[in-house]
Structures are given as C-alpha cells and as structure tokens.
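Could you walk me through this model in my viewer, one selection at a time? I would like to know what to pick next and what I will find there.

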Amino acid sequence: MAKIGDLLVDLSEDPRLLREFERDAEKVMRERGLSENQRQILRDGNLKRVRQELEAENPDATVFVALLRPIH
Amino acid sequence: VPGGSLTVVGTGIQLAVQVTSQARAAIEHADEVLYLVTDFLAGTWIERLHPGAESLERYYEAGKDRAETYAEIVERILSRVRAGAGVCAAFYGHPGVLVRTGHEAIRRARLEGFDARMLPGVSAEDCLFADLGLDPGEAGCQSYEATSFLVYRPAVEVSALLVLWQIGFVGELTTPTGPPRPRLDVLADRLVSLYPAEHEALVYEASPYVVCAPVVHRVRLADLAGLDVPPMATLVVPPLGRADPDVTMLDRLGMSPS
C-alpha cells in the first residue's frame with residue numbers, strides 16, 4: 001500500500017515532483033496510488049493529522065520526538 | 001592534529017528542503033554521521049543521504065534528566081572523533097540555536113586537539129519570522145526557553161517582541177513519562193504581570209513538511225492557561241506599542257524626532 005511518508009520524502013528531495021505537485025496535486029497523488037483518505041489528509045495539510053497518519057503507517061517507529069532543548 | 005574531525009550541521013526545520021548545500025555535502029561525505037532530529041521522516045532522509053547514519057534519539061528516555069542525555073550524546077559524538085573518524089553530527093534546525101550538545105561537542109573536540117566546526121542552518125526562529133511576517137529588527141526581539149524565562153525572571157522590554165520556546169513543556173525538567181502537562185498557568189501569571197490580560201499572543205509551530213501549513217493560534221494571555229498546545233509550540237508575544245525615543249540621545253546624535 002502506498003504511504004504518504006514516502007511521498008513527503010520524495011516531494012522534499014525532488015524539486016520537479018514538488019513543482020508538479022503544486023501544479024496538480026491530485027494527479028501526483030493518484031499516480032502514487034494514495035487512497036482517498038490519504039489524499040484528503042494531504043489536501044487538508046493539517047500537521048496533527050499528517051503525523052497521525054504517519055504513525056499509522058509506521059506502527060513500530062517513533063514518528064515524532066519532542067527533543068527538549070536545554071534549560072540554562 | 002589528531003586524525004578525527006567533527007562537523008556539526010543543521011538540517012533545517014522543513015524536511016530536506018531547508019538544508020544548505022554545504023551541510024548536505026558534509027552529511028554525504030562524512031566517514032560517520034550521527035543525527036538527532038524530531039521527525040521520523042527526517043531520519044529516513046538522512047539515512048538515504050548517508051546509509052548507516054546513527055540516530056542519537058536512544059539517549060532520550062522517559063523520566064531521565066535532560067543534562068544526563070546531553071552528556072551522553074556529546075560523549076558518543078566525541079568517542080567516534082577520538083576513534084579517528086571524520087564525523088558529521090546533524091541536528092534538527094540550526095545546530096547552534098538551543099542545541100547545547102552541538103556547541104559542547106565542538107568545544108570539547110577542539111580542547112582535545114581535533115578539527116571541529118559548525119555550519120549554520122535554518123532555525124525555528126527563522127521559520128517563525130517568515131511565517132508570521134515579523135521582523136526582529138523593527139522593535140527588537142527577546143528570545144527565551146520558556147522554563148528559563150520563569151526561573152530566571154529576565155527583565156522584559158514590552159515594546160519589543162517576546163518569543164518563548166518549548167511552552168509545551170514549560171516546567172518539565174525531565175523527558176516526560178506520559179503526555180506533557182505544561183505549567184501554562186504559571187507562564188500566564190508571569191505574562192499577565194507584564195502585559196494586559198487581553199493582550200493577544202500567537203502560539204506557533206513551524207511545519208516540518210512542504211504540504212502542511214504552520215500551526216498558528218491566536219490567544220489572549222488571560223486564556224493561555226487552559227490552552228492545549230502542540231508539543232513543540234512557541235509563544236510569540238507582540239510588542240505593546242513602540243518605545244519612546246530618548247530625546248537627549250537624539251539631540252546628541254544630531255537627529256530630529258520622527
């Protein structure tokens with residue numbers, strides 16, 4: 001099954017893909033085989049929801065770590 | 001000069017797109033890469049750039065004192081430098097902004113006679129200025145880690161911008177064992193002693209992904225205590241008006257008031 005995490009990394013790595021996504025996100029998402037639910041998450045662009053989906057895609061990984069900065 | 005070396009770099013906040021070409025080259029060409037990032041995908045990306053890169057996240061454990069974590073991370077980085085490797089240590093954001101381990105690793109490596117340098121990166125503060133349309137040069141800017149702000153009570157200039165980091169963990173000294181319970185009530189009390197309770201601040205979190213907007217919520221300082229804030233949220237308190245010019249100084253500088 002296609003993962004939004006893979007698309008997010010590819011979009012960040014490939015300026016041409018990012019340009020294509022900005023021009024026609026629906027086409028890129030369809031070509032990547034994302035489900036309607038995954039496509040809606042990316043359309044909404046809600047950070048909390050994207051993190052929840054990444055957690056669902058990677059149940060064995062810590063998707064987000066709050067790295068606390070030092071207290072002086 | 002001993003054989004090992006250290007280059008400390010920042011990966012920026014947004015996945016892959018905010019790394020400088022210099023930092024990227026340092027990651028790609030190092031003998032060994034050790035990294036500390038908040039985001040799982042950023043780790044995936046670093047390991048694509050440098051297969052075998054080692055995450056330092058394992059040193060963060062629930063309930064563990066942060067100072068102990070920092071010491072272990074610095075020691076791990078130094079151990080690889082001492083072993084003779086050209087090490088790249090990559091940190092989320094800017095490696096020298098609110099990253100004690102980045103500075104400490106450089107300091108100790110140099111003390112032990114190794115070549116060590118830091119390359120700048122895009123910090124969360126850089127993203128904040130861009131996303132919120134704020135210029136720190138307009139009225140000045142004060143920037144504090146939120147718990148330090150409460151504990152050390154610095155003098156606050158209300159006519160300048162105030163930025164408080166890590167409000168999602170204010171009052172926490174260890175890595176939380178469960179969901180964080182930030183003492184926003186204490187922070188609100190301190191801020192309301194400085195600003196009107198109605199003064200509006202912004203809760204902000206930069207977006208790590210190109211497809212997501214940053215988190216931006218407006219909140220009155222009086223309502224801060226009850227707010228559910230994202231873990232890495234920052235509080236931005238806009239200036240209260242403008243400072244009055246010093247007429248004597250204007251006169252001395254030969255300037256007229258505008």
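Is Arg76(B) buried, partly exposed or exposed? Select it and show the surface: Arg76(B) is partly exposed, with 25% relative accessible area. Keep in mind throughout the tour that this is a predicted model.

**Stop 1**

Now pick Glu75(B) and Arg108(B). Their side chains also meet in a salt bridge, at 2.8 Å from N to O. Glu75(B) is partly exposed at 33% relative accessibility, and Arg108(B) is partly exposed at 21%.

Next, select Arg183(B) and Asp185(B), whose side chains form a salt bridge at 3.0 Å, N to O. Arg183(B) counts as partly exposed at 42% relative accessibility, and Asp185(B) is partly exposed at 33%. For a network, switch to chain A: salt bridges that share partners join Glu26(A), Glu36(A), Arg39(A) and Arg43(A). Over all chains, the structure holds 21 salt bridges.

**Stop 2: chain A by itself**

Chain A has five helices and zero strands, in the order α-α-α-α-α from the N terminus. Of its 72 residues, 49% count as buried. Looking at contacts in chain A between residues at least 6 apart in sequence, 44% join residues at least 24 apart.

Zoom in on Asn37(A), in helix α4 (residues 36-44) of chain A. Which residues does Asn37(A) touch, leaving out those up to four places away in sequence? They are Arg49(A) and Glu53(A). The C-alpha atoms of Asn37(A) and Glu53(A) are separated by 9.8 Å, with the two residues 16 apart along the chain. Asn37(A) is partly exposed, at 44% relative accessibility.

**Stop 3: where the chains meet**

Bring chain B back and colour the interface. In all, 43 residues of chain B are in contact with 29 residues of chain A. The area buried between them is about 3400 Å², and carbon and sulfur atoms give 65% of it.

How many salt bridges are there between chain B and chain A? The count is three. To see a salt bridge between the chains, select Arg51(A) and Glu205(B), whose side chains come to 3.2 Å, N to O. On the side of chain B that touches chain A, the elements giving two or more residues are α2 (40-49), α3 (66-82) and α7 (146-152). The largest share, five residues, comes from α2(B). By class, that side of chain B has 28 nonpolar, six polar and nine charged residues.

Now centre on Ser12(A), in helix α1 (residues 4-13) of chain A. Its side chain reaches the backbone oxygen of Leu15(B) at 3.1 Å. Setting aside residues up to four places away in sequence, Ser12(A) touches Leu15(B), Ala16(B) and Val17(B). Ser12(A) counts as buried, with 9% relative accessibility.

**Stop 4: helix α2 of chain B**

Select α2(B) and show its side chains. Its buried residues are Leu41(B), Ala42(B), Gly43(B), Trp45(B), Ile46(B) and Leu49(B). These pack against α1 and α5 (47-57) of chain A, together with α1 (21-29), β2 (32-36) and β4 (86-91) of chain B. At the N-terminal end of the helix, look for the cap: a side-chain oxygen of Asp39(B) lies 2.8 Å from the backbone nitrogen of Leu41(B).

**Stop 5: the cysteines**

How many disulfides does the structure hold over all chains? The number is zero. Select Cys127(B): the nearest cysteine sulfur belongs to Cys212(B), 14 Å away. Cys127(B) is buried at 9% relative accessible area, and Cys212(B) is buried at 7%.

Notes
Residues are numbered from 1 along each chain as its sequence is written. Chains are lettered from A and ligands numbered from 1 in the order in which they are written. This is a predicted model: local features need pLDDT of at least 70, side-chain atom pairs count only at pLDDT 80 or more; totals for chains, interfaces and linings use all residues. Side-chain values use heavy atoms; hydrogens and water are left out. A disulfide is a pair of cysteine sulfur atoms within 2.5 Å. Buried means under 20% relative accessible area, exposed over 50%, partly exposed in between (1.4 Å probe, protein chains only). Contact means heavy atoms within 4.5 Å. Buried area is the accessible area (1.4 Å probe) that two parts lose on being put together, summed over both. A salt bridge is a side-chain nitrogen of Lys or Arg within 4 Å of a carboxyl oxygen of Asp or Glu. Helices (H or I, at least four residues) and strands (E, at least two) are DSSP runs, numbered from the N terminus. Ala, Val, Leu, Ile, Met, Phe, Trp, Tyr, Cys and Pro count as nonpolar, Asp, Glu, Lys and Arg as charged, and the others, Gly among them, as polar. A polar contact is a pair of N or O atoms within 3.5 Å; within protein, one must be able to donate a hydrogen and the other to accept it, and residues adjacent in sequence count only if both atoms are side-chain atoms.
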